[in-house]
Amino acid sequence: MDAQNKPQILEHLHKSLTVTLYDCKWIPGSAKFVTLGSYARNTGCLQVYELDGPDLKTVKESEKKQSFKCGTFGASSLAERRLASGNFGGELQIWDLENTSQPVFSAQAHASIVNAIDGCGGQAKGYGAPELVTCGRDGCVRVWDVRQQDAPVAAFEPADPNNIRDCWCVAFGNSYNDEERCVLAGYDNGDVKLFDLRMNKVRWETNVKNGVCGVQFDRKDIAMNKFVVTCLEAQFHVFDARTQHPKKGFASVSEKITAGATVWGCHHLPQNREVFMVAAGDGNLYLYKYHYPDQRKVKDHDGVELGVAGSVEMLNYKNLSTQPISGFDWSPDKEGLFVCVAFDQAVRVGITTKLNKV
């Protein structure tokens, strides 16, 4: 790509806090976002900020008993915009941000820390029930319907109770109608599992040889197209999910970022699913574009369809912090606008330019 049209990653606002920050999410349809984390006294910190011209205004700050680890708006309607969160005590909670004194939903989701959460089905009709998925150190992946808090609607437990792997990340996908839905989960030993919720079974699994820090489909609400798996040891993998070979599974391409940095997560641009930001342990953001191959599938010598992986191109990168970038979220409403949090106890709002040119 020529230098003139190259997207630039720019820091717009920077606010230093005295809080360890783990996650951040834009409130849909607003100029506000939420940060989730922990005060020094190991209590939970929920903050709401608003972009106010050149300033960042604190709208709300709420302290809770348990430190927050992760959050999502994916299972909430655009009218309610309720935040679902997972905390260090294993609780799944849903908050009305107008009144955060008590959660509107609370369930003991895991035995200890909720490592990750994702939501889907909340924002449009015809794409399945409003559901949340959580994963934890107990190795379990559990799916919750926001309309019933007594028990999960699906649960995938470790096969061997004597060999429990820490499940680090989860993501919804394939939710293109009211029946189909999948969950992708990544584990500390490099296992990646795709659970089919309609069939209630493991549809596909592999091992990427490094602890899996992040998983994400390029879109949740379409028939599976592709997904990214990010790992320790500076690696990420893009899997083409269109074609599943009975023996070889999904085709994939692997990429390494700068030496040694953990790839904490991958975040697809809401307005263009081929563009994604990778947040890394070296405090860098890396912007990539996926290029499809000329043919996305071929036939093997038995005549069975086999997927073909494309390639990834790094468009640009930017160092924002000396510490790992723990949370990142693109604005769903304004292309290129993002918020991120890092372990240097700072929240940053940035802009990525020229995304319409890639």
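Trainee: In this predicted model, which residues cover the two faces of E29?
Mentor: In a regular strand the side chains alternate between the two faces of the sheet. E29 has buried residues on both sides. One side holds Leu337, Val339 and Val341. The other holds Phe338, Cys340 and Ala342.

Trainee: How many residues of strand E29 are buried?
Mentor: Buried means under 20% relative accessible area. Strand E29 covers residues 337-342, and it is largely enclosed by the rest of the structure because its buried residues number six of the six.

Trainee: Which residue stands opposite valine 339?
Mentor: Look at strand E28, residues 325-330. E28 runs antiparallel to E29, and five bridges join them. Opposite valine 339 stands aspartate 329.

Trainee: Which residue in the turn between E28 and E29 has a positive phi?
Mentor: These two strands form a hairpin. Six residues lie between them. The phi is about 95 degrees, and the residue is glycine 336.

Trainee: What is the bridge partner of cysteine 340 in E30?
Mentor: Strand E30 spans residues 346-352 and is antiparallel to E29. Six bridges join the two. Cysteine 340 has as its partner arginine 348.

Trainee: What is the phi of glutamine 345?
Mentor: E29 and E30 form a hairpin with three residues between them. Glutamine 345 is in that turn. Its phi is positive, about 65 degrees.

Trainee: Which residues are closest to the centre of the second largest pocket?
Mentor: This pocket has a volume of about 330 Å³. Its lining counts 21 residues. By class, ten are nonpolar, seven polar and four charged. Closest to the centre are Ala75, Ser76, Glu80, Pro130 and Val146.

Terms used: Residues are numbered from 1 along each chain as its sequence is written. This is a predicted model: local features need pLDDT of at least 70, side-chain atom pairs count only at pLDDT 80 or more; totals for chains, interfaces and linings use all residues. Side-chain values use heavy atoms; hydrogens and water are left out. Buried means under 20% relative accessible area, exposed over 50%, partly exposed in between (1.4 Å probe, protein chains only). Helices (H or I, at least four residues) and strands (E, at least two) are DSSP runs, numbered from the N terminus. Two strands pair if DSSP finds at least two bridges between them. On a 1 Å grid over the protein atoms alone, a cavity is a set of points where a 1.4 Å probe fits but cannot get out, and a pocket is an open set with protein on both sides within 12 Å along at least five of seven lines; lining residues have an atom within 4 Å of a point. Grid points are joined across faces, edges and corners, and a volume is the space filled by probe spheres set on the points. Ala, Val, Leu, Ile, Met, Phe, Trp, Tyr, Cys and Pro count as nonpolar, Asp, Glu, Lys and Arg as charged, and the others, Gly among them, as polar.
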